[in-house]
Amino acid sequence: MPVEVIIDSSPCSVTCGLGVKSQTLCSLKDGKTAMEEDVRRKDGTEVSEECRVRKVKCQETWQCGLTTMTVTSGQRVEVDCLGEVMEAMGRFAWRVSWRYARGIISSDDSLFARWEAPELDRVILDPVREEDAGTYRCEVQDAAFRRVKRVYWGIRVLPDRILNLDYESSLAQWESKGNQQNQTVSDQGDHRTALLYIVLCASGSNGLEMQLIELLE
């Protein structure tokens, strides 16, 4: 009877909810002898070169908590509930349901109403509007109706002409505008200097020349 042992396993792809991990399985050279003697031996068990890699489901906890994001009206917003698990395990291996709490950021389940997501495994708001703000809850069950994931996404939607609250982005924009203004002032100063130089050359007056030099300083 062939016996396979797991010689390598990757971490779970997610820290909560459904995930996948890869396992490398190799056949024992003599499965029957290994089982009769001691399969728990690690140093003495020899494996053959006949190995295969498989993907299996993994789950640390079904509670994924609340994630918040702030977006600007008109952007494209997409939240994915299953991610790579949908591709690895099949589209119809799970039951997915969505609920929505309009206008508030909360994980209080009494505030949520049923919400239909056309894409089933994800919510796509394109373009997102201010009235789309609120909390979206995704719950996943397996084929036996066991809850395997629950996650909340709180989305704040700002008007498209409001100040960006991202400090780093706002600072970069501010510095960019400041550099443009400084360049403009410098160009204007160079232009005034050139005009004064032309006046000096044209007048030939020592008195006027001294006054203009003092003005430049």
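V79 stands opposite V123, a residue of β8. This is a predicted model, in which local features need pLDDT of at least 70, side-chain atom pairs count only at pLDDT 80 or more, and totals for chains, interfaces and linings use all residues. Residues are numbered from 1 along each chain as its sequence is written, and side-chain values use heavy atoms, with hydrogens and water left out.

β5 and β8 run antiparallel and are joined by four bridges; strands pair if DSSP finds at least two bridges between them. Strands here are DSSP runs (E, at least two residues), numbered from the N terminus. On β5, V77 and V79 form the covered face, while E78 and D80 form the uncovered one.

The loop between β4 and β5 holds S73, which is partly exposed at a relative accessible area of 25% (partly exposed lies between buried, under 20%, and exposed, over 50%, with a 1.4 Å probe and protein chains only). Beyond its neighbours within four places in sequence, S73 is in contact (heavy atoms within 4.5 Å) with residues including V128, R129 and P159. S73 and D126 are 53 residues apart in sequence and 9.7 Å apart in space, C-alpha to C-alpha.

The strands discussed above have these ranges:

| Strand | Residues |
|---|---|
| β4 | 63–72 |
| β5 | 77–80 |
| β8 | 122–125 |
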